Amino acid sequence: MDEDSGYDSDDALLELDGVTKYFGQDSGLLAGLEFEPDQFPPVNVNRETVKAVDDVSLEIQPGETLGLVGESGCGKSTLGRTILRLLEPTDGDIYFKGENLADLGGEELRRMRSDMQMIFQDPQSSLDPRMKVGQIIEEPMRAHDMLDDEGRRARAKELLEKVGLDPRHYNRHPHAFSGGQRQRINLARALSVDPDFVVCDEPVSALDVSIQAQVLNTMESLQEEFGLTYLFIAHDLSVIRHISDRVAVMYLGHIVELAEKEELFENPQHPYTRALLDSIPVPDPRENGVRGVLEGEVPSPVDPPSGCRFRTRCPRLIAPDAYDWSEEKWAQTRAFMRAVKRRSFEPMPAARIEAEFFDGDRPGGEAGSIVDEAIELVASDGSAGGNDDDETDRWVTATDLLLESFAEQSICAHERPAYDLESEHGNGDHFAACHLHR
Ligand code: SF4
């Protein structure tokens with residue numbers, strides 16, 4: 001039990017409830033204003049909002065490492081900074097040791113801030129080149145009025161040793177150290193104020209693979225010695241696998257899967273997690289580089305897809321209930337829809353399209369009529385033939401027809417998925433945001 005706060009260490013150290021962070025693209029005095037001379041008044045206000053983090057809820061237990069993984073731009077770094085209130089949340093609550101950070105101000109917030117530290121990706125730019133290493137490590141202690149000059153110096157030297165550096169290098173400048181050593185200095189600085197919780201934002205991404213493992217091992221020893229809790233942000237699943245107890249997977253501002261490490265790696269239940277795992281390079285000379293790379297671009301966070309945000313790239317998109325499908329016919333139609341959308345095949349006669357995508361047997365009923373119409377539009381011998389401009393229009397029309405008739409009718413487009421599953425490995429919870437588990 002923490003005497004000051006009443007926090008019981010059996011409770012979650014950190015709890016996020018619906019945490020949301022939106023950025024307006026109109027920050028700045030005149031930003032977002034567009035001049036429109038043909039109207040009165042002759043200006044428009046463009047208030048596009050980037051939905052970087054949207055309604056994230058999770059808990060982190062004392063002493064654990066929660067890995068947070070996802071492609072760049074998925075919102076994971078924004079979430080880390082919002083937790084520490086380096087960015088103000090747009091909505092939602094952040095409880096640290098049972099206290100809502102939004103309710104804290106002044107001295108209480110300052111005290112809580114010393115308990116929550118951050119390590120950044122780039123050890124080069126996050127260390128002031130004019131300061132000596134000792135001063136760098138002592139700076140946060142000074143800011144929090146910790147110890148006197150002598151005490152701070154002794155603690156800085158002790159921490160240098162703890163992170164695997166020579167305390168005699170106390171008076172050196174950061175440029176005298178390698179990338180891995182500079183990240184160790186960052187670690188010592190973060191630990192100087194004796195925090196309970198550290199957000200580690202891609203801390204080893206800039207380092208060579210051989211150095212990465214050494215720094216990760218040091219972080220693990222320090223975690224044990226100082227009783228630290230980590231939120232470890234990375235895009236590299238092998239790094240996440242090395243250090244995490246549980247793993248949260250993030251896509252376009254949402255958490256799409258969260259489970260214990262072994263469960264997530266051995267029994268992934270979200271198509272996005274599976275695609276990420278499939279894209280880990282395999283150290284096998286018979287395998288040719290990266291496998292199963294995700295198709296398509298990540299959609300804009302200004303206007304994310306409705307329902308499941310992964311649906312525009314998902315290879316498992318669920319069949320709309322309105323039609324009578326066999327699994328096989330829906331899988332074929334889905335593949336055809338994607339190929340038309342990406343225009344990934346050369347124009348060819350209708351019979352060949354039918355042979356290539358449907359094994360010569362188009363779906364029946366109303367769905368079949370829609371597929372027929374789309375084939376007619378893109379076939380080289382289709383009845384809607386014309387010049388090159390017409391051809392582009394016909395592919396666009398076929399894409400719209402297929403998406404509106406099928407993709408937009410799927411449950412994946414209408415309801416945001418959230419399911420609690422049974423774990424196959426370990427006893428922990430397994431959350432997957434995918435309607436395949438409905
Ligand atoms: S909900 Fe649908 S679109 Fe989303 S991951 Fe699951 S199957 Fe794919």
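A residue is near a molecule if its C-beta atom, placed from the backbone, lies within 6 Å of it.

**View 1. The residues around the ligand in the predicted model.** The shell around the ligand has 14 residues. Those that come nearest are Cys308, Arg311, Cys314, Cys412 and Cys434. Sorted by class, the residues of this shell are ten nonpolar, two polar and two charged.

**View 2. Helices H3 and H4.** Helix H3 covers residues 133-143, and helix H4 covers residues 149-162. Their axes come within 9 Å and cross at roughly 120°. The crossing in which H3 passes H4 is right-handed. On the H3 side, the residues in contact are Gly134, Ile137, Glu138, Met141 and Arg142. They meet Arg152, Arg153, Arg155, Ala156 and Leu159 in H4. Four nonpolar, one polar and five charged residues make up the contact of H3 with H4.

**View 3. Helices H3 and H5.** The axes of H3 and H5 come within 7 Å, with a crossing angle of roughly 35°. H3 passes H5 in a right-handed crossing. From H3, the contact takes in Val133, Ile136, Ile137, Glu139 and Pro140. From H5, Ile185, Ala188 and Arg189 take part. This contact of H3 with H5 has six nonpolar residues, no polar residues and two charged residues. Ile137 of H3 takes part here and also in the contact with H4.

**View 4. Helices H5 and H6.** Helix H5 spans residues 179-191, and helix H6 spans residues 209-226. The two axes come within 10 Å and cross at roughly 15°. Angles under 35 degrees count as roughly parallel, so H5 and H6 are roughly parallel to each other. The crossing of H5 past H6 is right-handed. Gly179, Gly180, Gln183, Arg184, Leu187 and Leu191 are the H5 residues in this contact. In H6 they meet Ile211, Gln214, Val215, Thr218, Met219, Leu222 and Phe226. The classes represented in the contact of H5 with H6 are seven nonpolar, five polar and one charged.

**View 5. Confidence of the prediction and residues 285-292.** For the protein, the mean pLDDT is 90, and 89% of its residues reach 70 or more. Over residues 285-292, the pLDDT is below 50. In the model, this stretch has ten contacts beyond near neighbours in sequence.

Conventions
Residues numbered from 1 in each chain as written. Predicted model: local features only at pLDDT ≥ 70, side-chain atom pairs only at ≥ 80, totals over all residues. Nonpolar A, V, L, I, M, F, W, Y, C, P; charged D, E, K, R; others polar. Axes fitted to C-alpha atoms, helices over the stretch in contact; angles between N-to-C directions. Helix = DSSP H or I, 4+ residues; strand = E, 2+ residues; numbered from the N terminus. Parallel < 35°, antiparallel > 145°, perpendicular 65-115°, else oblique. Left-handed = near helix turned anticlockwise from the far one by under 90°. Contact = placed C-beta atoms within 7 Å. pLDDT = per-residue confidence, 0-100.
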